[in-house]
Amino acid sequence: MLNYDLVIIGGGPAGMAAAVSAKDSGIDSILILERDDKLGGILNQCIHNGFGLHHFKEELTGPEYAQRYIDMVKERGIEYRLDCMVLEISPERLITATNKKDGIFQVQAGAIVLAMGCRERTRGSLNIPGYRPAGIYTAGTAQKLVNIDGLMPGKRIVVLGSGDVGLIMARRMTLEGAEVLAVAEIMPKSGGLQRNIVQCLNDFGIPLLLSTTVVDIQGKERVEGVTLAKVDEKLKPIPGTETHYDCDCLLLSTGLIPENELTRNMGAEIDRKTRGPVVTKEFETTIPGVFAAGNVVSVHGLVDDVSKEALIAGKAAAEYIKARA
Amino acid sequence: METTFLTCIMCPIGCNLKVEHEGKNVISVTGNTCPRGKVYGTNEIGNPMRVVTSSVLVEGSKNGSVLVSCKTAGDIPKAKIKDAALALKGVKVKAPVHIGDVLVRNVADTGVDIIATRNVE
């Protein structure tokens, strides 16, 4: 069994900032466990700019912002394991994880920072009727396909939901040669940033249809079209307002949910509203010595805020360890 | 004199700008909380500018990366966005590539280079 003073679950912006902060607070025995094959988390696929204006006082793309922290992690000699899936964490902070090289292994941690980020809401949580054809993706999956794997999920696209990822992807798909027919938003107002509506939709003449949702998806093997309809104040579709769109792809950008399977199974109290763990102002969960930072606590609009929060959590974890040394 | 209301896109705050202008001649920008907003408001009336981000193919990566993300090294005219995107089609670079490396010079005749935003070894 391995033993570390501090183990950080997740090597995205929150995990890396927490590690850097703990190291700078005097903790040397630190291990980051990351599921992906590289550090950086979701920033790796967010190739658009607008990151870092507050934290680094310059405008960076996602991969550039990630690299700043990857460099800090490496400069400090902080250990990390990639391709590594954490399966379980006990309330006594015994971590069970697995990767291809080591198989299944256990790590005892003096303190833990949870930094697993968040996940996208899927079609299953939206109750859209119809068959289950190919061509329906969450916006974040499409983002990974386009920006990491070099694959196009479709040529004629309708986006449901006007979250920022959906808006960013509407522009991205357009620049890669696809036609984005519309972004439909069930609410009377977009949940995305106004700047993204301007630079991702208006710049390219992509219509934003408010109080509108998908009522039907056509196609059995592959998406052949979707039907959009206006909704009333109770968000119920209004009969007679249906419009058909021929398309081969539907992207869903309908919200993000903190990823807290591990947290829940540990027995930490979860806030019903944020769906993240209940934390103190030092970002300690209801389990002593277990801290949490970033999108795993609540979904943030800005990575700059994630970094700031994780620096506090990392320092608090370091203090916890030192107090028990 | 005309008045145009804009949302500043320079940062996530998204200030509501009020630009007073005569044609393309800007008289005043108000509502901004930082100097970048004034520049944006002024440009947006006369000559809107954007940073374009995209990716190009990369060959010979050690970890199997197929793309390297990139951006225009500075603003280019909004009207040139599509030309810049088209110019990147078919571009293939060789690894290793590092953040800041020039991948395409003077993209779409804008005088602005395309630079890498990711390290690919």
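The legends below describe close-up views of a predicted model.

**View 1. Packing of helix α1 against helix α7 in chain A.** Helix α1 (residues 13–24) of chain A packs on helix α7 (residues 303–324) of chain A, with the axes 7 Å apart and at an angle of about 40 degrees. α1(A) is therefore oblique to α7(A), and the crossing of the two helices is right-handed. On the α1(A) side, the contact is formed by P13(A), A14(A), A17(A), A18(A), A19(A), V20(A), S21(A) and A22(A). These residues meet V303(A), V306(A), S307(A), A310(A), L311(A), A313(A), G314(A), K315(A), A317(A) and A318(A) of α7(A). Sorted by class, the contact of α1(A) with α7(A) comprises 14 nonpolar, three polar and one charged residues.

**View 2. Packing of helix α1 against helix α2 in chain A.** The axis of α1(A) comes within 9 Å of that of helix α2 (residues 62–75) of chain A, and the two cross at roughly 35 degrees. Here the crossing is left-handed. P13(A), M16(A), A17(A), A19(A) and V20(A) of α1(A) make the contact with A66(A), Y69(A), I70(A), M72(A) and V73(A) of α2(A). The contact of α1(A) with α2(A) has 10 nonpolar residues, no polar and no charged ones.

**View 3. The largest nonpolar core and the surroundings of A18(A).** The largest nonpolar core contains 66 residues, and those with the most contacts inside it are L6(A), A18(A), V113(A), F291(A) and A317(A). Helix α7(A) provides the largest share of this core, 10 residues. When neighbours within four places in sequence are left aside, A18(A) is in contact with I8(A), V113(A), A115(A), A293(A), A310(A), A313(A), G314(A) and A317(A). A second, separate core has 36 residues, among them Y137(A), V146(A), I157(A) and L250(A).

**View 4. The contact between chains A and B.** Chain A contributes 23 residues to the contact and chain B contributes 22 residues. On the side of chain B that touches chain A, strands β5 (53–59) and β6 (67–72) of chain B each supply at least two residues. The largest share of that side, four residues, comes from β5(B). By class, the side of chain B that touches chain A has nine nonpolar, nine polar and four charged residues.

**View 5. Loops around A108 and P96 in chain B.** A108(B) lies in the loop between β9 (102–104) and β10 (114–116) of chain B. This residue counts as buried because it has 21 C-beta neighbours inside 10 Å, the cut-off being 20 or more. Not counting residues up to four places away in sequence, A108(B) touches K80(B), D83(B), A84(B) and A87(B). Its C-alpha atom is separated by 28 Å from that of V26(B), 82 residues apart along the chain. P96(B) is placed in the loop between β8 (92–94) and β9 of chain B. The peptide bond that joins A95(B) and P96(B) is cis, with omega about 0 degrees.

**View 6. Positive phi angles at K57 and D83 of chain A.** K57(A), although not a glycine, has a positive phi of about 60 degrees. K57(A) is found in the loop between β3 (49–51) and β4 (60–61) of chain A, and is exposed, with 7 other C-beta atoms within 10 Å. D83(A), also not a glycine, has a positive phi of about 50 degrees. The loop that holds D83(A) lies between β5 (79–81) and β6 (85–89) of chain A. With 15 C-beta neighbours inside 10 Å, D83(A) counts as partly exposed.

Technical notes:
Residues are numbered from 1 along each chain as its sequence is written. Chains are lettered from A and ligands numbered from 1 in the order in which they are written. This is a predicted model: local features need pLDDT of at least 70, side-chain atom pairs count only at pLDDT 80 or more; totals for chains, interfaces and linings use all residues. Axes are lines fitted to C-alpha atoms, for helices over the stretch in contact, and angles run from 0 to 180 degrees between N-to-C directions. Angles under 35 degrees count as roughly parallel, over 145 as roughly antiparallel, 65 to 115 as roughly perpendicular and the rest as oblique. A crossing is left-handed if the near helix is turned anticlockwise from the far one by less than a right angle, and right-handed if clockwise. Two residues are in contact if their C-beta atoms, placed from the backbone, lie within 7 Å. Ala, Val, Leu, Ile, Met, Phe, Trp, Tyr, Cys and Pro count as nonpolar, Asp, Glu, Lys and Arg as charged, and the others, Gly among them, as polar. A nonpolar core is a set of buried Ala, Val, Leu, Ile, Met, Phe, Trp, Tyr and Cys residues joined through C-beta atoms within 7 Å. A residue is buried if 20 or more other C-beta atoms lie within 10 Å of its own, exposed if 12 or fewer, and partly exposed in between; C-beta atoms are placed from the backbone.
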